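Subject: Handing over the structure

Hello,

I am passing on the structure we spoke about, so that you can look at it yourself while you read. Please keep it open beside this message, as my notes follow directly below it.

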Amino acid sequence: MSTSNIINPALFFADDNLIGDKVEKSVRRMKDLKGIFQDEAAFLQIQEEKLVYEVSSFLPVKEGTPGGLYFGITYLYPGKVGDEYFMTKGHFHANIDRAEFYWGLKGEGMLIFMDEQRKVWAERMFPGSLHYIPGGIAHRVANTGNQMLSFGACWPSDAGHNYEEIAQNGFACRLVDRNGVPNLI
Ligand code: S6P
Ligand code: ZN
């Protein structure tokens, strides 16, 4: 094989930053998270433009393509709305049986799972933690620390996102700070 068949990768990491021409970025601000947190008065006290999380993703095939994979890094800022930690919106996959991996890169947090019967449980996230999210399970992440939480995700390109269910009914439990300790109540 000649060296002309050897090329550089399209993507690489610098620390927990995903670098590459095809990396897409999205942001979620406080105003995008209306109705997610319990304490509405505390929510209104926070500037609506405040950044809550950003996602860098590499989506190499068209959304819905069977057999492909997507890759993303989420950067979730520290903070609380009342006593509830900053968290992602959370979703089921639109193709509900599609699974996903998450893994902790920086900071500390909690991955909160909920099944279709609304049973909720959580796993601690920390640098090096690895989490398998089976199909049929809604997932959301809360930042329980006082620094940025970053985590990786890899999911099927035909998973899609169902945000509606969570927007309407929420999770059956909330992750709140009780005297400095995360509690799922
Ligand atoms: C996609 C994957 C993540 C999330 C990201 C933001 O399936 O689970 O990339 O999109 O962590 O969370 P959310 O719930 O706002 O999509
Ligand atoms: Zn997902």
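Sorted by class, the shell around ligand 1 is made up of 5 nonpolar, 7 polar and 2 charged residues. Please bear in mind throughout that this is a predicted model.

In number, 14 residues surround ligand 1, and the closest of them are Tyr53, Thr74, Glu100, Tyr102 and Tyr163. As for where the ligand is placed, ligand 1 sits in the largest pocket. Two elements, strand E8 (100-106) and strand E13 (149-156), are those that give two or more residues to this shell.

If you zoom in on the oxygen atoms of the ligand, you can find several polar neighbours. A side-chain N or O atom of Tyr163 lies 2.5 Å from an oxygen atom of ligand 1, while for the side chain of Glu100 the corresponding distance to an oxygen atom of ligand 1 is 2.8 Å. His91 also takes part, with a polar side-chain atom 2.9 Å from an oxygen atom of ligand 1. Taken alone, ligand 1 would expose 390 Å², and the protein buries 96% of that.

Turning to charged pairs, side chains of opposite charge can pair when their charged atoms come close. The count of salt bridges comes to 9, including one in which the side chains of Asp15 and Lys106 meet, at 2.6 Å from N to O. Asp15 lies in the loop between strand E1 (12-14) and strand E2 (17-19), whereas Lys106 is in strand E8, so this pair ties together parts that are 91 residues apart in sequence.

Best wishes

Key. Residues numbered from 1 in each chain as written. Chains lettered and ligands numbered in written order. Predicted model: local features only at pLDDT ≥ 70, side-chain atom pairs only at ≥ 80, totals over all residues. Heavy atoms only, no water. Near = heavy atom within 4 Å. Polar contact = N/O pair within 3.5 Å; in protein donor to acceptor, adjacent residues only side chain to side chain. Areas by Shrake-Rupley, 256 points an atom, 1.4 Å probe, with all protein chains shown as cover. 1 Å grid on protein atoms, 1.4 Å probe; cavity = no way out; pocket = protein on both sides within 12 Å on 5 of 7 lines; lining within 4 Å. Sits in = over half its atoms within 2 Å of the grid points. Helix = DSSP H or I, 4+ residues; strand = E, 2+ residues; numbered from the N terminus. Nonpolar A, V, L, I, M, F, W, Y, C, P; charged D, E, K, R; others polar. Salt bridge = Lys/Arg side-chain N within 4 Å of Asp/Glu carboxyl O.
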